[in-house]
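Let's take a friendly walk through this model, one element at a time. Please have the sequence and the 3D view open as you read.

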Amino acid sequence: MEQALKKYFKNWTIILTDLRILLEKYQYLSASIHTSKGSTTLNIGGSIPYIFSGAVYNAPILICLLTNYPFTPPSIYVVPTETIKIIKGHPYVNLKGGVTIPYISSWTHKSTLVAAVNQLQQVFNKMSPIYSVAPNIPTINSATSKSSITNGTDVITSPEDQFKKYNLSSRAKAAICAANDSIIASIKANRTTSVRDYHYNLKKYELHRKVLLSWVSVSLDLNTILHEAQTSKDKLQSRLDLVDTRDLESLNNDLGLILSQILQYKERISALEEDKQNSFLDIEKVVKFENKDSERLCNQIEREATANDMLEFLHSIYKKNRISTKTYVKELRLLSHDLFVAKMNREKLVKNLS
């Protein structure tokens, strides 16, 4: 970066100093030099955090420096995305993302980038310039949607068959069935939100769904085991109260029977744990894709979300000095490339599907 600044910017020492101070405070910003049609700019892009109404948000921004910086003020933009839009009527940000704050308006060659971004952050703390919208991508489980992802069939045992083995009273069975029906209805109603929350990772969503579907049955199984264990304990205590030294052989037989029952209970618990681990259904029975592009789109969205998460993690461990600058730069380039490829592929697939 220093060599490139020397080549294109006359006051490169001032720029380098301002840039280092800025990036040291705002860890989610990064710089690159852009040359196009004979003009060169230093672009600083990323996001800055701010607190609005008690919640922390991250505003995507772009700062552009011309070659005669600092004698020309930087241009600052809020960069809208597919899911982030600019609020209409913001006092310091127009609908195209252009930022005009007092510090930039009164800019002099002694002004600094970090002071400009500090004021920008203060402005955003008072009034957020952005709001979130749903992504323009295929949705799931919507009867009126023109989505290319269609809803599959949940393989769910009917309550009558599912809870028959527990010998419940009519009142208990009605309460259990109502609870089970409520869980199933919640799964269906929140399918789209749950899949989006898992960044369209269908395997994670399927595990989430299976855990909820098995919740009532597992709870009943555990209750049965605890009840049978208590019954055996009471039976043993009753025998101990009546036991005579002449009945030791009979007591030994009873203990053997109880130990055998305990082993059976442990095997049942192990089987429940194994069922929980191997409870995946075929994904195609839950979510189906109309075509390969739809499936690829889902994969690219997951890849893009993963790259973003890894970038945040990389920034945090570098900030804590757990990795060297050389390793940080190397991994940053790889993750940025993955993010760029995933984003380009996603936009291409969305265009093909629209």
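## Helix H6 and its buried face

In helix H6, the buried residues are Ile176, Cys177, Asn180, Ile183, Ile184 and Ile187. Looking down the axis of H6, these buried residues fall within an arc of 120 degrees, so they line one face of the helix. The arc is that of the directions from the helix axis to the C-beta atoms. An α-helix has 3.6 residues a turn, so residues three or four places apart point the same way. On the other side of H6, you will find Ser170, Arg171 and Ala189 exposed. Here, buried means under 20% relative accessible area, exposed means over 50%, and partly exposed lies in between (1.4 Å probe, protein chains only).

H6 covers residues 170-189, which makes 20 residues. From its first C-alpha to its last, H6 reaches 28 Å, close to the 28 Å expected at 1.5 Å a residue. The expected span of a helix is 1.5 Å times one less than its number of residues.

## About the model

This is a predicted model, in which local features need pLDDT of at least 70 and side-chain atom pairs count only at pLDDT 80 or more, while totals for chains, interfaces and linings use all residues. Residues are numbered from 1 along each chain as its sequence is written, and side-chain values use heavy atoms, with hydrogens and water left out.

The protein chain has 13 helices and 8 strands. Helices (H or I, at least four residues) and strands (E, at least two) are DSSP runs, numbered from the N terminus. Of the 354 residues in the protein chain, 32% are buried. Among contacts in the chain with a separation of 6 or more, 60% come from residues 24 or more positions apart; contact means heavy atoms within 4.5 Å.

## Helices H2 and H4

Helix H2 (residues 12-25) has 14 residues and spans 20 Å between its first and last C-alpha, close to the expected 20 Å at 1.5 Å a residue. Its buried residues are Ile15, Leu16, Asp18, Leu19 and Leu22. Their cover includes helix H1 (2-8), strands E1 (29-36), E2 (39-52) and E3 (55-65), and helix H4 (113-126).

Buried in H4 are Leu113, Val114, Ala116, Val117, Asn118, Leu120, Gln121, Val123 and Phe124. They pack against H2, E2, E3, E4 and helix H3 (102-105).

## Where the two helices meet

How do H2 and H4 pack, and at what angle? The angle is about 35 degrees, with the axes 8 Å apart. Axes are lines fitted to C-alpha atoms, for helices over the stretch in contact, and angles run from 0 to 180 degrees between N-to-C directions.

From H2, Asp18, Ile21, Leu22 and Lys25 meet Leu113, Val114, Val117 and Asn118 of H4. By class, this contact of H2 with H4 has 5 nonpolar, 1 polar and 2 charged residues. Ala, Val, Leu, Ile, Met, Phe, Trp, Tyr, Cys and Pro count as nonpolar, Asp, Glu, Lys and Arg as charged, and the others, Gly among them, as polar.

## Backbone details in two loops

Most residues other than glycine have a negative phi, and most peptide bonds are trans. Tyr69 and Pro70, however, are joined by a cis peptide bond, with omega about 10 degrees. Pro70 sits in the loop between E3 and strand E4 (75-78).

Asn321 is not a glycine, yet it has a positive phi of about 60 degrees. This residue is in the loop between helix H12 (292-319) and helix H13 (325-353). Asn321 is exposed, with a relative accessible area of 68%.

How many disulfides does the structure hold? There are 0, a disulfide being a pair of cysteine sulfur atoms within 2.5 Å. Cys64 is buried at 17% relative accessible area, and Cys298 is buried at 4%.

Ile262 lies in helix H10 (residues 248-277) and is partly exposed, at 37% relative accessible area. Ile262 and Ser232 are 30 residues apart in sequence and 9.3 Å apart in space, C-alpha to C-alpha. Glu347 lies in helix H13 and is partly exposed, at 37% relative accessibility. Glu347 and Ile301 are 46 residues apart in sequence, with 9.8 Å between their C-alpha atoms.
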